[in-house]
Amino acid sequence: MFEFKKELGSSAIKWMVTGLLMLSLIIPQLGCMSSDEIWEEDGNLGIEKTGFYLDTVCKITIYGVNPKSDLGEELAKLDDSDRKQRVQQVITDAFLECDRYEKMLSKTISSSEISKINNGAGQPVAVSDVSRQVIKKGIEYGELSQGVFDITIGKASSMWDFHDIDENHEAEGEIPDEEALAEAIRHVDYKKVKISGEQVELTDPEMEMDLGGIAKGYIADRLTEYLEEQGVISAVISLGGNIVVLGSRTESLLYDPPEGSGGDGDFRIGIADPHSETGGLLGTFSCTDKAIVTSGTYERYVMKDGVKYHHILDVETGYPVETDVDSVTIIAEKGSSCDADGLSTICLTLGMEKGLDLIRSMDGVEAVFVDKEGNIEISSHKLELEL
């Protein structure tokens with residue numbers, strides 16, 4: 001958890017799913033558990049697989065394995081074809097972990113632990129340590145942000161459908177009714193979430209939790225740990241707008257790529273331009289062992305009667321929050337994706353000035369803000385963004 005150096009002024013709240021953050025050296029592929037082997041003789045470009053989890057396209061690419069690990073010693077005995085299959089199995093197992101966590105933490109899966117809490121009519125519900133950890137993290141960010149981040153936004157967020165749209169993002173259904181949203185907002189208060197031992201209780205029976213603002217970051221951190229436990233020393237995990245860079249590309253897979261082959265050096269990450277209609281990049285930066293999370297108003301939204309409604313909701317109205325920022329990208333240390341997830345949502349809600357003040361009051365985190373006019377602000381000179 002990052003530590004605040006000064007108090008954060010309160011403001012209206014949010015809700016988040018993802019903003020688009022792209023890897024400049026990895027192009028996402030659609031599909032469920034499809035695979036694409038990238039392994040050229042002139043350089044280690046990695047072995048990757050994609051899948052659809054957490055309501056987004058996810059991709060894991062492995063570049064390096066510790067030769068002294070059990071996996072590394074196993075790979076050393078295999079030929080190229082079997083080696084690729086074995087590394088792909090590691091990725092498949094990581095995706096199974098992703099699926100397991102999603103089935104615990106998603107409010108839209110009826111059998112999940114979060115759904116059981118939401119349907120508990122205010123009664124205590126016993127849940128796993130995983131769910132309690134994420135809920136506690138949500139409460140911490142509710143406190144640190146003085147309510148700007150609130151995991152009990154679920155009743156309001158469930159009234160919005162950002163999937164039932166046509167190719168122009170036009171809403172097929174109706175926009176939620178103002179009075180209905182106002183009633184839902186009456187039941188938003190993270191302070192009414194109580195944790196006692198293994199049990200979680202919503203003291204307001206009408207309240208609903210939605211962990212979408214931090215669950216993906218939490219899962220990214222757990223997948224990073226899983227890969228490291230397997231002996232992976234160089235990889236990229238991409239869960240939509242949540243990226244984790246593990247190690248660097250200099251840590252090749254059992255062999256050294258030829259000089260100049262493109263198989264060496266830090267990873268270069270591209271931040272999407274929120275105003276580009278063709279998926280252009282705003283800029284790139286180099287990094288190793290980082291967690292990168294983007295929240296934005298430009299990827300998940302609906303249009304209705306000429307009005308754009310993005311997915312980040314105001315706690316006071318239930319409608320999309322008014323902000324002068326179109327995207328915020330948080331760059332933190334590896335293992336801090338959950339924190340970066342929450343911070344990206346908070347900063348987008350606060351807007352440019354207060355968001356920058358918040359990030360600059362914290363250690364170990366940087367941010368890139370893009371406002372509605374396309375102006376770019378970077379939290380400090382420590383982050384070198386090549387535009």
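Student: What makes β5, β7 and β6 an open sheet of 3 strands?

Tutor: The order is β5-β7-β6, with antiparallel pairing. The edge strands, β5 (125-126) and β6 (193-196), each pair on one side only. Strands here are DSSP runs (E, at least two residues; helices are H or I, at least four), numbered from the N terminus. Before we go on: this is a predicted model, where local features need pLDDT of at least 70 and side-chain atom pairs count only at pLDDT 80 or more, while totals for chains, interfaces and linings use all residues. Residues are numbered from 1 along each chain as its sequence is written, and side-chain values use heavy atoms, leaving out hydrogens and water.

Student: How do you know that β6 and β7 pair?

Tutor: Two strands pair if DSSP finds at least two bridges between them. β6 and β7 (residues 199-202) have 4 bridges, in the antiparallel sense, so they meet that definition. Lysine 194 stands opposite glutamate 201 in β7.

Student: Why is strand β9 called largely enclosed?

Tutor: Buried means under 20% relative accessible area, with exposed over 50% and partly exposed in between (1.4 Å probe, protein chains only). In β9 (residues 242-246), 5 of the 5 residues are buried, so the strand is largely enclosed by the rest of the structure. Both faces are covered: Asn242, Val244 and Leu246 on one side, Ile243 and Val245 on the other.

Student: How do you know that the buried residues of α6 line one face?

Tutor: In α6 (residues 178-185), the buried residues are Leu181, Ala184 and Ile185. Seen down the helix axis, they fall within an arc of 100 degrees, so they line one face. That arc is taken from the directions from the helix axis to the C-beta atoms. These residues pack against α5 (154-157).

Student: What makes a set of residues a nonpolar core?

Tutor: It is a set of buried Ala, Val, Leu, Ile, Met, Phe, Trp, Tyr and Cys residues joined through side-chain atoms within 4.5 Å. The largest one has 73 residues, with Ile62, Ile135 and Leu227 making the most contacts inside it. Helix α2 (residues 80-105) gives the most to this core, with 9 residues. Apart from it lies another core of 16 residues, including Val236 and Phe285.

Terms used. Contact means heavy atoms within 4.5 Å.
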